[in-house]
Amino acid sequence: MDHVMLSMHYIQKGLLFLKPSFSESGNAVTPKEFMDTLLQKLKDSLATTLIHFYPLAGRLSTLKTDNPRYHSVFVDCNNSPGAGFIHAKSDLSVSDILGSKYVPLVVQSLFDHHKSLNRDGHTMSLLSVKVTELVDGVFIGLSMNHTIGDGSSFWQFFNSLSEIFNSQEETIGNNNNKLLYLKNPPIFREVSGPIYSLPFSEPDESLGQSEPPILKERMFHFSSETVRSLKSKANQEYGTTKISSLQSLTAFIWRSITRARKLPNDQETTCRLAAGNRSRMDPPLPENYFGVYLSPVQTTTKAGNLLENEFGWAALKLHQAVTEHNGEKISSEMNRWLKSFLKLGGLSSPNIVHMGSSPRFNKYGCEFGMGKAVAVRSGYGGKFDGKISAYPGREGGGSIDLEVCLLPEFMEALESDQEFMSLASSSS
């Protein structure tokens, strides 16, 4: 699946923090001293974290042979200038980002590698950390090449960066003795057997990039009570207890967006989830196995069937698709997915709802001396009409935030949908 990602964008996720107050009496630290200290600690922490996650300091390289004709991409950890670290300043305030009904486009500027495809990792850093100093806050945005790791690996790195950052206060001795032990160290697979040869003659011939239409992006919040209610309703309607919270919420948003699109009854619509494969392999892989261990799980039906049946019907279809997604099926579909993704150049397709990311990732566990983040935001990468990303709600407890990307007319229709808006609230 690493090769599948070559034609897609970098993962771009970041955390928004409030600066500590400097107006309180007795606070001897000035704003400049605070930022200088923060930046130095982040640089030191990044250098130490990259000892564990060393491929992120490399570059992509393509091996080509003519006889036989053969192309394969690998990570070169030796011939590389390393990972990126950027400090930027902005006159934006935290309220400029959180107070807007729609995610403002300026958020995309808070990430490095804007609009870059993963194949650009031949010349660009595979990881870049951009720290933007706002008027009253700090945004830490990470851009990571998706051929190197999936969402699970991305947040494992972010959590490890936080762990090492916070260990610095407890470390005694010189910098070389900083935390080299992690609670959850990454495991890198050993390559054995034949290396995959890409199914085309020249990589650039098949990896196209087209400019997507302008989208509206909005954060919707679903409380823990709402999520539990949707799960209970889905399971009760079909006399089961196996449908999960995320499957239930995904079915709800699938139906809601399909209504907003006003599709004819005989028009097909697809719901797809990015499913983690580590636990599904035989034997299962450890959760801290670093790399790309996900693949799409999807179900398709006519719009009329989706909307005329009970909500639990859609949730059950998703549950069945996830249940059937086992190691054997993953292996049998791998070549088909590789060829179709490289040919099509991405995930988007008509009438699709794609659920990415996961509320299970420990996003709010990343702290850098400023307390808990006030929000999670993402960059330009991987967005299209119908792309949804699931985040944990800031208050925890099973609450979920959905980042919803739709064409403007569909977003307007979704916001006019009483059933949807009765359960969703605006998220900070």
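1. Let's start with Ser160: it touches Thr49, Phe53, Leu182 and Asn184, leaving aside residues up to four places away in sequence (contact means heavy atoms within 4.5 Å). Ser160 sits in helix H3 (helices, H or I, of at least four residues and strands, E, of at least two are DSSP runs, numbered from the N terminus). Ser160 is also buried, with a relative accessible area of 3% (buried is under 20%, exposed over 50%, partly exposed in between, with a 1.4 Å probe and protein chains only).

2. A caution: this is a predicted model, where local features need pLDDT of at least 70 and side-chain atom pairs count only at pLDDT 80 or more, while totals for chains, interfaces and linings use all residues. Residues are numbered from 1 along each chain as its sequence is written, and side-chain values use heavy atoms, without hydrogens and water.

3. Now the largest nonpolar core, which has 56 residues (a core is a set of buried Ala, Val, Leu, Ile, Met, Phe, Trp, Tyr and Cys residues joined through side-chain atoms within 4.5 Å). Leu38, Leu56, Ile140, Phe158 and Phe368 touch the most other members. Elements giving two or more residues to this core include helix H1 (31-52) and helix H3 (151-167). There's a second, separate core of 35 residues, Phe222 and Phe420 among them.

4. Next, the open sheet: seven strands in the order S9-S8-S10-S12-S13-S7-S14, with mixed pairing (two strands pair if DSSP finds at least two bridges between them). Strands S9 (294-302) and S14 (425-426) are the edges. Strands S7 and S13 run antiparallel, joined by seven bridges; Arg218 has Val404 in S13 as its bridge partner.
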